[in-house]
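Good morning, colleagues. Please look at the sequence and the model before I continue.

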Number of protein chains: 2
Amino acid sequence: MNLLLENIAKHVSLTSQEQERVLSFTEPLQFKAKTILLKSGEVCTHSYFVTKGIIRSYNMDENGVEHVVSFACPGWWIADMYSFLSQRPGQLYIEVNEDAEVLAISKENQEKMYSEVPKLERFFRIIIENSLVASQQRLIDNMSFTAEARYDKFLKKFNDLAHCIPQKQIASYIGVTPEFFSKMKARLLKK
Amino acid sequence: MNLLLENIAKHVSLTSQEQERVLSFTEPLQFKAKTILLKSGEVCTHSYFVTKGIIRSYNMDENGVEHVVSFACPGWWIADMYSFLSQRPGQLYIEVNEDAEVLAISKENQEKMYSEVPKLERFFRIIIENSLVASQQRLIDNMSFTAEARYDKFLKKFNDLAHCIPQKQIASYIGVTPEFFSKMKARLLKK
DNA sequence: AACATTTCTTAATCTAGGTTAAGTACTTAA
DNA sequence: TTAAGTACTTAACCTAGATTAAGAAATGTT
């Protein structure tokens with residue numbers, strides 16, 4: 001069965017007509033690794049529901065250093081939320097980490113979906129609530145814990161995926177340089 | 001007119017019956033400064049819409065250091081989202097900074113509100129979307145900017161309120177110690 | 001296979017911000 | 001009004017993590 005419909009069914013129940021309607025608003029797309037779906041400065045016109053592969057979002061600071069905002073694996077959504085919601089230029093890059101398949105929803109279709117299938121307001125409210133909780137937790141973790149503890153948390157959260165993600169991206173996600181991350185890992189091995 | 005209804009009206013339009021219904025789910029409460037509305041380890045049973053004063057939420061790390069998660073002034077919501085949504089014990093404290101008035105909504109009433117006035121699904125979806133964007137922006141800022149730049153951003157975001165908030169709380173919000181914040185401020189004055 | 005590019009590691013050096021400690025203002029409460 | 005707590009400052013010293021640089025290993029390309 002369809003992964004998106006499965007996920008929706010966890011929170012709201014749709015009739016089969018509504019299910020079809022939802023799918024009709026989405027566009028299945030395939031991307032090779034390293035494809036860039038969005039660049040900083042562009043308007044984010046689509047939100048992506050990942051069904052296969054891994055996609056990440058990041059920003060680049062004034063020194064050209066990347067900071068990973070999120071990794072999306074199957075069952076997760078990814079977009080530059082600020083830009084997608086406001087339809088103004090955003091600051092995030094969205095890039096395919098591993099050959100991926102997604103269901104893409106345009107901003108217009110997202111709005112249509114809300115008006116034609118109002119139950120989805122609830123579904124997305126819940127999805128976004130969960131993202132907010134995760135984002136606040138990460139903020140707290142960054143302020144409360146050392147890099148080592150943050151790496152522990154990362155491994156717990158992404159356990160199986162950690163092996164598919166280049167170290168420099170993990171370093172970026174937990175907020176340290178690749179060099180320090182490498183040193184830290186060597187230190188951990190000695191224990 | 002009522003601040004909550006004003007805010008709702010910015011995103012969805014309610015009939016006057018619906019407006020009354022919404023208010024009937026809320027409980028107006030007053031609190032003196034320093035009142036603690038929620039402690040770490042407790043279940044967050046209410047979400048608060050601030051109509052007067054300032055309320056803040058924070059966690060305390062294993063060394064007893066506080067980290068401010070958010071300041072809520074009139075027109076803002078505050079709760080331990082994780083705990084409120086899951087009804088499990090949370091890690092946040094919620095404390096009144098300045099004598100405050102709020103509209104409190106219990107978890108049960110929140111759920112009733114969603115089922116009796118489905119338009120509110122949309123309202124809260126939008127509110128939470130905006131919180132998510134703000135939270136992610138703060139994450140990016142913490143990873144990309146120095147303490148000085150973060151303080152600049154803080155001043156822009158909370159300009160008028162900055163004067164009402166103790167320095168140690170500002171320091172905590174931007175993620176530095178009170179001592180370093182003090183040093184940094186002195187350095188900024190010299191420029 | 002050979003070259004180019006990117007990723008990862010190691011090590012020396014540096015710095016933003018933390019820690020400790022002591023002193024000076026403010027508040028708050030009896 | 002006075003004592004006790006809390007907020008802010010200053011300064012000496014410390015450290016987690018950054019920076020720079022150079023080599024080794026992996027990966028991609030012709």
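I shall speak about an annotated domain and then about the interface between the chains.

Please keep in mind that this is a predicted model.

I begin with chain A. UniProt, in an unreviewed entry, lists residues 13–122 of chain A as "domain: Cyclic nucleotide-binding". Over that range, the chain is 42% strand and 26% helix.

I turn now to the interface. How many residues of each chain are in contact? On chain A there are 35, and they are in contact with 35 residues of chain B. The size of an interface is often given as the accessible area lost when the parts come together. Here, chain B and chain A bury about 3,200 Å² between them. Carbon and sulfur atoms account for 65% of that buried area.

Next, the polar side of the interface. Between chain B and chain A, eight residue pairs are in polar contact, counting pairs with both residues at pLDDT 80 or more. The rule also finds four salt bridges across this interface. A salt bridge joins the side chains of A:R125 and B:E121, with N to O at 2.8 Å.

Which elements of chain B supply the side that touches chain A? At least two residues each come from β4 (66–72), α3 (81–86), α4 (107–116), α5 (119–144) and α7 (167–174) of chain B. The largest share comes from α5(B), with 18 residues. By type, the side of chain B that touches chain A divides into eight charged, eleven polar and 16 nonpolar residues.

Thank you for your attention.

Key
Residues numbered from 1 in each chain as written. Chains lettered and ligands numbered in written order. Predicted model: local features only at pLDDT ≥ 70, side-chain atom pairs only at ≥ 80, totals over all residues. Heavy atoms only, no water. UniProt positions renumbered as here; feature names shortened; annotations may be inferred. Helix = DSSP H or I, 4+ residues; strand = E, 2+ residues; numbered from the N terminus. Contact = heavy atoms within 4.5 Å. Buried area = accessible area lost by both parts, 1.4 Å probe. Polar contact = N/O pair within 3.5 Å; in protein donor to acceptor, adjacent residues only side chain to side chain. Nonpolar A, V, L, I, M, F, W, Y, C, P; charged D, E, K, R; others polar.
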